[in-house]
Amino acid sequence: MTSPDPTRESRLKQLFEVLADMDAAITDAYRERGQGQVRSRFVLPLVRLAHLGPMTITQLARELDRTHSALSQTITQMRQADLVTSEAGEDGRTRVVTLTQRGRALVPLAEAEWRATEAAIAELEEELPYALSRVATDVAEVLGRRSFAERLEDHLRGDAR
C-alpha cells in the first residue's frame with residue numbers, strides 16, 4: 001500500500017445515507033399498503049404515463065429528464081411488477097409503454113405518496129435552519145459558474161483554485 005485509503009473519508013456519505021433512508025421509507029410505505037414491488041423510482045413514470053398516455057421510452061425519458069438507458073431499466077422493472085407493458089411502435093424500432101390495469105389502479109396511491117413526500121419535506125425544511133431545496137438551488141447556481149467536472153479535473157491535475 002502506498003497511501004492511506006482515501007475512501008475512508010467522504011463529505012457526501014451522510015447526505016447519501018439520509019437520502020437512502022428517505023427512499024427506504026417511501027418503499028416501506030408502499031410495502032405496508034400491499035405494494036411491495038413498487039420502488040420510489042417507479043412513481044414519476046407511472047404518474048406521468050397516467051396523465052399523458054402511452055409514449056415511447058425515448059419520449060418518456062425526455063419528459064422525465066432521464067437517460068434512455070436509465071429509464072429503460074426502470075421500465076423493465078415496472079414491466080416485471082406488472083405496472084406497464086411495452087410493445088413495438090409503428091416504426092418497429094421504438095417501444096411504446098402503456099400502463100397495465102394494475103398500474104392504473106396504483107396511480108391514486110402514487111399521487112398521494114408524492115404529495116405526502118412533498119409535504120414531509122416541507123415540514124422537514126421548516127425544522128431546519130435552512131431549506132434543503134435552497135441548498136440544492138445554491139449548489140446548482142455555484143456549479144453553473146464552474147461545473148463540478150471542471151472542479152474535479154482541476155483537482156486531478158493538482159491545480160485547483
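1. Strand β1 pairs with β3. Two strands count as paired if DSSP finds at least two bridges between them, and 2 bridges join β1 to β3. The two run antiparallel. T56 stands opposite V96 in β3. Strands here are DSSP runs of E with at least two residues, helices are runs of H or I with at least four residues, and both are numbered from the N terminus.

2. A word on the basis. This is a predicted model, in which local features need pLDDT of at least 70 and side-chain atom pairs count only at pLDDT 80 or more, while totals for chains, interfaces and linings use all residues. Residues are numbered from 1 along each chain as its sequence is written, and side-chain values use heavy atoms, with hydrogens and water left out.

3. The rest of the sheet. Three strands form an open sheet, in the order β1-β3-β2, with antiparallel pairing. β1 (55-56) and β2 (84-88) stand at the edges with a single partner strand each, so one side of each has no neighbour in the sheet.

4. The hairpin. β2 and β3 form a hairpin with 6 residues between the strands. G92 of this hairpin takes a positive phi near 80°.

5. Two positive phi values outside glycine. D65 has a positive phi of about 60° although it is not a glycine. D65 lies in the loop between α3 and α4. Is D65 buried or exposed? D65 counts as exposed, because its relative accessibility is 73%; the scale calls a residue buried under 20% relative accessible area, exposed over 50% and partly exposed in between, with a 1.4 Å probe and protein chains only. D82 also has a positive phi, near 60°, and is a residue other than glycine. D82 is found in the loop between α4 and β2. At 42% relative accessibility, D82 counts as partly exposed.

6. Helix α5. This helix spans residues 101-127, which is 27 residues. From first C-alpha to last it reaches 40 Å, close to the 39 Å expected at 1.5 Å a residue. The expected span is 1.5 Å times one less than the number of residues. Where is the kink in α5? A kink of about 40° lies at V107, shortly before the proline P108. The bend at a residue is the angle between axes fitted to the seven residues ending there and the seven starting there.

7. What α5 packs on. Its buried residues are G103, L106, V107, A110, E111, E113 and E125. They pack against α1 (13-32), α2 (40-52), β3 and α6 (132-145). Contact means heavy atoms within 4.5 Å.

8. The largest nonpolar core. Such a core is a set of buried Ala, Val, Leu, Ile, Met, Phe, Trp, Tyr and Cys residues joined through side-chain atoms within 4.5 Å. The largest one has 25 residues, of which L46, I75 and L83 touch the most other members. The elements giving two or more residues to this core are α1, α2, α3 (57-64), α4 (68-80), β3 and α5. Which element gives the largest share of this core? α2 does, with 6 residues. In soluble globular proteins, nonpolar side chains tend to be buried together.

9. I75 in detail. Leaving out residues up to four places away in sequence, I75 touches I57, L60, V84 and V97.

10. A side-chain pair at D154. D154 sits in helix α7 (residues 148-157). D154 counts as buried because its relative accessibility is 11%. A polar contact of 2.8 Å joins its side chain to that of R146. A polar contact is a pair of N or O atoms within 3.5 Å; within protein, one must be able to donate a hydrogen and the other to accept it, and residues adjacent in sequence count only if both atoms are side-chain atoms.

11. V18 is found in helix α1 and is partly exposed, at 39% relative accessible area. V18 and A131 are 113 residues apart in sequence, and 15 Å apart in space, C-alpha to C-alpha. E32 is also found in α1, and E32 is exposed at 63%.
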